[in-house]
Amino acid sequence: MNDSPERTGALVLDVWCELQCPDCGSALDDLRALRARYGDRLELRLRHFPLEKHRHAFAAAQAAEEALEQGKGWEYVEAVLGRVAELDRGGEPFLVEVAGELGLDAEEFDTALIDGRHILIVDADQAEGKAIGVTGTPTYVIGGERLDGGKSQEGLRERVEQIADRLLAGQE
């Protein structure tokens with residue numbers, strides 16, 4: 001997921017995430033810091049990896065894709081990840097409620113969750129994640145290197161920064 005057109009020359013950080021995952025919520029500060037540090041030089045791309053143990057994760061991934069279509073993808077992701085306990089309790093109605101709070105077309109959200117228009121994107125992300133060895137969330141891939149944040153967030157942002165700095169220096 002990406003809220004803007006592909007930026008040529010930007011380094012891509014794939015963020016394999018699940019919107020019902022507390023660890024992904026904890027990673028938000030790191031993602032904000034990376035955005036602040038690199039700006040347009042680093043493209044954060046949300047990749048979906050809903051886990052079976054979280055029953056609303058697949059719907060949440062589809063909702064995030066609808067938010068992207070409506071122009072507020074990352075804003076929606078952050079809003080949901082900041083309220084994981086509410087998603088646990090509220091399920092799909094909560095996802096639609098958040099859309100309304102952000103000024104998105106909540107009725108269209110509801111329809112998208114019913115008609116499944118974003119299922120193929122979520123399925124493709126999940127299949128690709130499995131193929132490259134993603135087993136939990138968050139997992140990051142930058143410059144072909146996979147970093148597993150599901151086990152520990154400790155030192156992860158620093159590792160991403162080391163790789164990003166090295167790769168960006170090579171582009172100059």
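Contact is taken here to mean heavy atoms within 4.5 Å. By this criterion, in the predicted model, Tyr76, Ala79, Val80 and Leu81 of helix 4 meet Val84, Leu87, Phe94, Leu95, Val98 and Ala99 of helix 5. Sorted by class, the residues of this contact comprise 10 nonpolar, no polar and no charged ones. Helix 4 covers residues 73–81 and helix 5 covers residues 84–101. The two helices pack at an angle of about 150 degrees, and their axes lie 10 Å apart. The crossing of helix 4 past helix 5 is right-handed.

Helix 4 is mostly covered, with 7 of its 9 residues buried. These buried residues are Gly73, Trp74, Tyr76, Val77, Glu78, Val80 and Leu81. In helix 5 itself, Ala85 counts as partly exposed because its relative accessibility is 45%, a value between the limits of 20% and 50%. Between the C-alpha atoms of Ala85 and Leu46 the distance is 21 Å, with 39 residues separating the pair in sequence.

Helix 3 is likewise described as mostly covered, 10 of its 13 residues being buried. The buried positions are Ala57, Ala59, Ala60, Ala61, Gln62, Ala63, Ala64, Glu65, Glu66 and Ala67. The elements that cover them include strand 2 (42–48), helix 4, helix 5, helix 6 (106–115) and helix 7 (119–131). The length of helix 3 was checked against expectation: at 1.5 Å a residue, its 13 residues should span 18 Å, and the end C-alpha atoms are 19 Å apart, so the two values agree. Just after helix 3, Gly71 adopts a positive phi of about 95 degrees.

Glu66 lies in helix 3, which runs over residues 57–69. Glu66 counts as buried because its relative accessibility is 2%, and the cut-off for burial is under 20%. When neighbours within four places in sequence are set aside, Glu66 is in contact with Glu108, Phe109, Ala112, Arg117 and His118. Helix 6, which spans residues 106–115, is among the elements covering the buried residues of helix 3.

Two loop positions were also examined. The peptide bond from Thr137 to Pro138 is cis, with omega near -5 degrees. Pro138 is placed in the loop between helix 7 and strand 3. Gly143 occupies the loop between strand 3 (139–142) and strand 4 (145–148). With residues up to four places away in sequence not counted, Gly143 touches Val12 and Leu167. Gly143 and Leu167 are 24 residues apart along the chain, and their C-alpha atoms are separated by 7.3 Å.

As for confidence, the protein has a mean pLDDT of 90, and 93% of its residues reach 70 or more. Over residues 2–7 the pLDDT is below 50, although this stretch has 11 contacts in the model beyond near neighbours in sequence.

Key. Residues are numbered from 1 along each chain as its sequence is written. This is a predicted model: local features need pLDDT of at least 70, side-chain atom pairs count only at pLDDT 80 or more; totals for chains, interfaces and linings use all residues. Side-chain values use heavy atoms; hydrogens and water are left out. Helices (H or I, at least four residues) and strands (E, at least two) are DSSP runs, numbered from the N terminus. Buried means under 20% relative accessible area, exposed over 50%, partly exposed in between (1.4 Å probe, protein chains only). Axes are lines fitted to C-alpha atoms, for helices over the stretch in contact, and angles run from 0 to 180 degrees between N-to-C directions. A crossing is left-handed if the near helix is turned anticlockwise from the far one by less than a right angle, and right-handed if clockwise. Ala, Val, Leu, Ile, Met, Phe, Trp, Tyr, Cys and Pro count as nonpolar, Asp, Glu, Lys and Arg as charged, and the others, Gly among them, as polar. The expected span of a helix is 1.5 Å times one less than its number of residues. pLDDT is the predictor's confidence in each residue, from 0 to 100.
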